[in-house]
Amino acid sequence: MNEPLIDLFAFGIFGNAVLLTIIVPFGLATYNLAKMGLHIDKPAYIFIGYKAKIKELAGRHIKLIENFEEIEGNVKQNFKRGGVEINEKVISELQALSEKGLIKEEVWVTPGLPFMISITLGFFVAVFYGDLIFELTKYLILN
């Protein structure tokens, strides 16, 4: 008899998690605008990442947004969907490019946030507040 209620609660947690995940890009944009102001070299990246110094990349749960290739003394930067895994080889290549003056000391990175964090937050929101999708729908219909 309680199974449909449990199923609705689980769906509410998932819906909350999806809505809470939408907060991340706006948080990143706010952080980037506060840090860099309106002088952002790649405005499209402010919603998916932030700038980090090359020497501070090791041991963090982040990926590079771009792939860097040196071709005939110039650096070609390509957006890499899914990011570029950061390892010792990548860091040493980036440091070499930075020392040559081909790239800046900061590169765009994207955080590796597991969906489990959003599910956990979604659970707590469901327990203490309720289903965000239901409340949002109710608000839109009644107003």
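This is a predicted model: local features need pLDDT of at least 70, side-chain atom pairs count only at pLDDT 80 or more; totals for chains, interfaces and linings use all residues.
Q: Which residue does Asp41 form a salt bridge with?
A: That would be Lys51, and the closest N and O atoms of the two are 3.0 Å apart.

Q: What does that pair tie together?
A: Asp41 lies in the loop between helix 2 (23-36) and strand 1 (50-53), while Lys51 lies in strand 1, so the bridge ties together parts that are 10 residues apart in sequence.

Q: And Lys51, buried or exposed?
A: Lys51 counts as buried, at 10% relative accessibility.

Q: How many salt bridges does the structure hold?
A: Five. Another one is between Glu66 and Lys42, at 2.4 Å from N to O.

Q: Where do Glu66 and Lys42 lie?
A: Glu66 is in strand 2 (residues 62-71) and Lys42 is in the loop between helix 2 and strand 1, so this pair ties together parts that are 24 residues apart in sequence.

Q: Which of those two is buried?
A: Glu66 is buried, with a relative accessible area of 5%. Lys42 counts as partly exposed, at 23%.

Q: Ok, what about the bridge between Lys138 and Glu135?
A: Their side chains meet at 3.4 Å, N to O. Lys138 and Glu135 are three residues apart in helix 5 (residues 132-142), so about one helical turn separates them.

Q: How do Lys138 and Glu135 come out for accessibility?
A: Lys138 is partly exposed at 36%, and Glu135 is partly exposed at 24%.

Q: New topic: which residues make the nonpolar surface patch?
A: Phe9, Phe123, Phe124, Val127 and Phe128 make that patch, which is about 520 Å².

Q: Which helix gives the most to the patch?
A: Helix 4 (residues 115-128) does, with four residues. Phe123 has its place in helix 4, and Phe123 is partly exposed, with a relative accessible area of 35%.

Q: Now the inside. Which residues touch the most other members of the largest nonpolar core?
A: Leu57, Leu64, Leu94, Val107 and Val109, out of 17 residues in that core. Strand 1, strand 2, helix 3 (88-99) and strand 4 (106-111) each supply at least two residues of the core.

Q: Which of those elements gives the most to this core?
A: Helix 3, with four residues.

Q: What is Val109 in contact with?
A: Leaving aside neighbours within four places in sequence, Val109 has contacts that include Ile48, Tyr50, Leu57, Leu64 and Ile86.

Q: And what lies apart from that core?
A: Another core, of seven residues, including Met36, Ile40, Tyr45 and Ile46.

Q: Last one: where does Gly12 lie?
A: Gly12 lies in helix 1 (residues 3-21). Gly12 is buried, with a relative accessible area of 4%.

Q: How many residues apart in sequence are Gly12 and Lys89, and what is the distance in space?
A: They are 77 residues apart in sequence, and 44 Å apart in space, C-alpha to C-alpha.

Note on methods:
Residues are numbered from 1 along each chain as its sequence is written. Side-chain values use heavy atoms; hydrogens and water are left out. A salt bridge is a side-chain nitrogen of Lys or Arg within 4 Å of a carboxyl oxygen of Asp or Glu. Buried means under 20% relative accessible area, exposed over 50%, partly exposed in between (1.4 Å probe, protein chains only). Patches are made of residues with over 30% relative accessible area and no salt bridge: like charges are joined within 9 Å, nonpolar side chains (Val, Leu, Ile, Met, Phe, Trp, Tyr) within 5 Å. Accessible areas come from the Shrake-Rupley method with a 1.4 Å probe; for residues, only the protein chains shown count as cover. A nonpolar core is a set of buried Ala, Val, Leu, Ile, Met, Phe, Trp, Tyr and Cys residues joined through side-chain atoms within 4.5 Å. Contact means heavy atoms within 4.5 Å.
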